[in-house]
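I opened a new notebook page for this protein. My plan was to look up a few places and write down what I found.

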Amino acid sequence: MSSENMLAVHFDKPGGPENLYLKEVAKPSPVESEVLLKVAASALNRADLLQRQGQYPPPPGASSILGLEASGHIAALGPTCQGHWKIGDPVMVLLPGGGQAQYVTVPEGLLMPIPAGLTLSQAAAIPEAWLTAFQLLHLLGHVQAGDSVLIHAGSSGVGTAAIQLARMAGAIPLVTAGSQHKLQMAEKLGAAAGFNYKEEDFSEATLKFTKGAGVNLILDCIGGSYWEKNVNCLALDGRWVLYGLMGGNDINGPLLSKLLFKRGSLITTLLRSRDEKYKQMLVEAFTKQILPHFSTESPQRLVPVLDRVYPVTAIQEAHAYMESNKNVGKIVLELPQ
């Protein structure tokens with residue numbers, strides 16, 4: 001392979017995991033205020049599966065290569081880089097795409113240092129999930145100490161991050177998940193209670209746990225199929241933050257009157273399509289307020305949860321595993337060095 005090229009995850013047409021393969025493509029070059037990252041590891045996100053299926057195109061101007069986060073070392077600095085970063089620095093990054101390749105270009109304002117004691121694979125599991133959880137809880141959900149927080153998909157990357165961040169904020173995290181194993185893992189991370197949505201009505205269980213008051217905050221990546229149960233267990237003046245539609249997008253029934261009766265707020269958000277200025281603000285706030293707690297010395301240590309690490313050559317297997325919904329925490333891909 002020539003030095004102008006690199007290997008990247010690619011698919012020629014939308015479809016199943018079997019369409020994925022590694023392709024030799026042109027290596028990107030950093031423009032003004034960008035750095036070139038030599039990628040050590042990237043992590044899978046639901047958005048990668050949707051994009052592969054043809055349901056979630058990258059935002060305008062973003063790389064069409066999969067991968068919304070990565071870790072690695074700075075290989076080159078573009079013109080007019082202002083920051084304190086230098087070639088060889090280990091970093092982790094949030095991306096609109098392009099992470100599942102040997103190199104990716106990144107605006108320098110989106111770089112984060114890797115906390116002491118973490119491997120590059122652990123670091124790759126932080127940006128998308130933890131920045132999303134931080135945004136949901138703090139910037140949109142305005143979590144307060146003493147709040148009860150219901151976290152759907154509690155064993156996902158975002159879920160495992162949200163449990164720990166809610167605890168750190170003095171809130172009481174409750175989770176839903178689809179197996180006993182997932183609930184046990186969530187409780188180990190700090191969930192006060194967990195409800196198996198396949199075996200019980202999480203709404204009734206939540207009301208019972210909160211002695212009828214309901215939860216102050218719901219973090220919801222499910223959407224349509226959960227709307228009625230969500231509104232039912234939302235406290236008066238509660239906030240329901242919707243960030244995904246894994247349970248469909250159709251609503252059938254009196255959502256608005258039930259929400260109005262609760263004086264509830266329905267807040268929606270996506271991170272990938274946000275502009276660079278917003279993402280830089282988010283990265284800066286997270287770097288100051290949260291990142292120090294990942295280091296080995298922190299008494300309230302935060303832990304990125306990794307389920308499996310695959311070589312990127314096993315990309316088909318990694319996608320199939322995520323689609324099976326068995327993972328607890330993140331699925332990480334290691335790039336050839």
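**Ground rules.** I am working with a predicted model, where local features need pLDDT of at least 70, side-chain atom pairs count only at pLDDT 80 or more, and totals for chains, interfaces and linings use all residues. Residues are numbered from 1 along each chain as its sequence is written, and side-chain values use heavy atoms, with hydrogens and water left out.

**Helix H3.** I began with H3, residues 127-140. Helices (H or I, at least four residues) and strands (E, at least two) are DSSP runs, numbered from the N terminus. I then asked how many residues of H3 are buried. The count is 12 of the 14, so H3 is largely enclosed by the rest of the structure. Buried means under 20% relative accessible area, exposed over 50%, and partly exposed in between, with a 1.4 Å probe and protein chains only. Among the buried residues of H3 are Pro127, Trp130, Phe134, Gln135 and Leu140. After H3 comes His142, with a positive phi near 45 degrees.

**Aromatic rings.** Next I looked for ring pairs, and the structure holds 4 of them. The rings of Phe134 and Phe286 have centres 5.7 Å apart and planes at 70 degrees, so this pair is edge-to-face. The rule: rings of Phe, Tyr and Trp (its six-membered ring) pair if their centres lie within 6.5 Å; planes under 30 degrees apart count as stacked, over 60 as edge-to-face and the rest as tilted. Phe134 is in H3 and Phe286 in helix H9 (residues 276-289), so I noted a link between distant parts of the chain, 152 residues apart. Phe134 is buried at 1% relative accessibility. Phe286 is buried too, at 0%. Trp130, Phe134, Phe286 and Phe294 make up one aromatic cluster.

**Charges over rings.** I found Arg272 over the face of Tyr56, 4.9 Å from the ring centre. The charged end of Arg308 sits over the ring of Tyr321, at 3.9 Å from its centre. A charge sits over a ring if NZ of Lys or CZ of Arg is within 6 Å of the ring centre and within 35 degrees of the ring normal.

**Gln135.** I went back to H3 for Gln135. Is Gln135 buried or exposed? Gln135 is buried, with a relative accessible area of 1%. Its side chain joins that of Thr269 through a polar contact of 3.0 Å. Such a contact is a pair of N or O atoms within 3.5 Å; within protein, one must be able to donate a hydrogen and the other to accept it, and residues adjacent in sequence count only if both atoms are side-chain atoms. Leaving aside neighbours within four places in sequence, Gln135 is in contact (heavy atoms within 4.5 Å) with residues including Gly141, Thr269, Arg274 and Tyr278.

**Arg239.** I found Arg239 in strand E12 (residues 234-242). Arg239 is buried, with a relative accessible area of 16%. The side chain of Arg239 reaches the backbone oxygen of His142 at 3.3 Å. Not counting residues up to four places away in sequence, Arg239 also touches others, including Gly141, Asp147 and Ile267. Arg239 and Ile218 are 21 residues apart in sequence and 6.5 Å apart in space, C-alpha to C-alpha.

**Helix H6.** I moved on to H6 (residues 202-209), where Phe202, Ser203, Ala205, Thr206 and Leu207 are buried. The cover over these buried residues includes strand E8 (148-151) and helix H7 (227-232). Asp201 caps the N-terminal end of H6, with a side-chain oxygen 2.8 Å from the backbone nitrogen of Ser203. Just after H6, Lys211 takes a positive phi of about 55 degrees.

**Two loops.** Thr80 is not a glycine, yet has a positive phi of about 60 degrees. Thr80 lies in the loop between strand E4 (69-77) and strand E5 (90-94). At 41% relative accessibility, Thr80 is partly exposed. Arg263, also not a glycine, has a positive phi of about 55 degrees. I placed Arg263 in the loop between helix H8 (255-261) and strand E13 (265-268).
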